[in-house]
There are 2 protein chains.
Amino acid sequence: MKNDDVLGVAMAAYWQGDPADVSVNAITQMAGISKPSLYREFGSEDGLKLAVLDRYAAQVLSEMFVILQGGHGLRATLDAMIDFASDDPRMETGCLFYKMRAGKHRLGPLTRARVEQIDAAGQAAYAAFLQSRRDAGEGIGGLPVDVAAEYLGEQIALAITRRAAGEDAARIRVMLTLALSVLERP
Amino acid sequence: MKNDDVLGVAMAAYWQGDPADVSVNAITQMAGISKPSLYREFGSEDGLKLAVLDRYAAQVLSEMFVILQGGHGLRATLDAMIDFASDDPRMETGCLFYKMRAGKHRLGPLTRARVEQIDAAGQAAYAAFLQSRRDAGEGIGGLPVDVAAEYLGEQIALAITRRAAGEDAARIRVMLTLALSVLERP
DNA sequence: ATAATTAAATACCATTCGGTAACAAAATGT
DNA sequence: ACATTTTGTTACCGAATGGTATTTAATTAT
């Protein structure tokens, strides 16, 4: 087991459970390496979590940005987001980013800063998407773009978080579709 | 400082922050009592949290049930719920019950069982309310009652949780009103 | 082959956690 | 007045945490 494998093991562990409930001891054990090796590679628990989050962002969150920037219509894009949140098998145990965001106060300064940065980027991406749809003449519920963007982001987060809690995927789809239907009004 | 004061101190501490981040040591210190005193009174950390949750349910959650069982119309009841979630000063730091539910896996068996029990009672109350409104001829978005009940409960929880995260109250009101507007359709 | 350097592991540190045993003080019953 | 029970405190326990100093093993350089 080496470098990248350790990151993979850590990401899986954080992602599967709650990042705050997985100790560095547990990770070294799972990865089959010693604790000083991990600390030489990542500096601290905070450094490890930051590296994991960056990997997760590049590997998973990027897909959400791709969907938003695909240039498709409001309906098609929202449907794609609903599909991702409700049915993508990788979201079965929730979203690592949302888990970290929910327990932000338990993170070290490096990871917390990155969480806030990614959160802001997400909000901006939602807003840019909605602005482009409004410019294209599609109604977004008559809402200010930033409000609609935050609403959209929070509903997606809620759906994925409930999925991590073991809620039935079909039911989540129904409720998320319902929540987002308000964005498809004039 | 005695018995009930300790409960009050513990409730305030758990409510203000995150129940999982407040140690029994911290509580004894805040309450100005020794640790064995606390353990003699409540048996364990789990017992203390259970007592706090019961007190919170009787003192705060009961108001939500009162609103739901007030026998008023759909619009009036939802507005009252929106008021409570968005503007009641006691929800400024969030809802202790929702905080415990969010960190359910970190609770002891007694408290976790009570959380699940209260959660089920809440769901039932939402469902009974919606069923009564539908029976009275008011539309609830054409949804099955249990789905609408869960949707309503989750949107309330989301609003209050966001409030604990420091989000602006007016903005939360807008978003919650938006989310619940789907229940006022035929 | 041997010396210098890098990598890894063992064994440890201080702190905090929930929880308790042993003991002192105060109230209560007789 | 004395014995008993309750109430509270100090001081401790074992386990787990994040993090390191020290030592051993494996490279690499000469």
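Buried area is the accessible area (1.4 Å probe) that two parts lose on being put together, summed over both. This is a predicted model, where local features need pLDDT of at least 70 and side-chain atom pairs count only at pLDDT 80 or more, while totals for chains, interfaces and linings use all residues. Residues are numbered from 1 along each chain as its sequence is written, chains are lettered from A in the order in which they are written, and side-chain values use heavy atoms, with hydrogens and water left out.

**View 1. Here is where chain B meets chain A.** Together the two chains bury about 2,300 Å², with 51% of that on carbon and sulfur atoms. On each side, 23 residues are in contact (heavy atoms within 4.5 Å). Twelve salt bridges are counted between the chains; a salt bridge is a side-chain nitrogen of Lys or Arg within 4 Å of a carboxyl oxygen of Asp or Glu. One to look for is B:Arg162 with A:Glu150, at 3.4 Å from N to O.

**View 2. A:Asp146 reaches B:Arg171 in a salt bridge.**

**View 3. B:Asp54 and B:Arg114 form a salt bridge inside chain B.** The gap between the closest N and O atoms is 2.7 Å. B:Asp54 belongs to helix α4 (residues 45-68) and B:Arg114 to helix α7 (residues 109-135), so the pair ties together parts 60 residues apart in sequence. B:Asp54 is partly exposed at 28% relative accessibility, and B:Arg114 is partly exposed too, at 24%. (Buried means under 20% relative accessible area, exposed over 50%, and partly exposed in between, using a 1.4 Å probe and protein chains only.)

**View 4. B:Asp83 pairs up with B:Arg173.** Their salt bridge spans 2.6 Å, N to O. It links helix α5 (residues 74-87) with helix α9 of chain B, 90 residues apart.

**View 5. B:Tyr56 sits in the largest nonpolar core.** That core (buried Ala, Val, Leu, Ile, Met, Phe, Trp, Tyr and Cys residues joined through side-chain atoms within 4.5 Å) has 125 residues.

Key. Helices (H or I, at least four residues) and strands (E, at least two) are DSSP runs, numbered from the N terminus.
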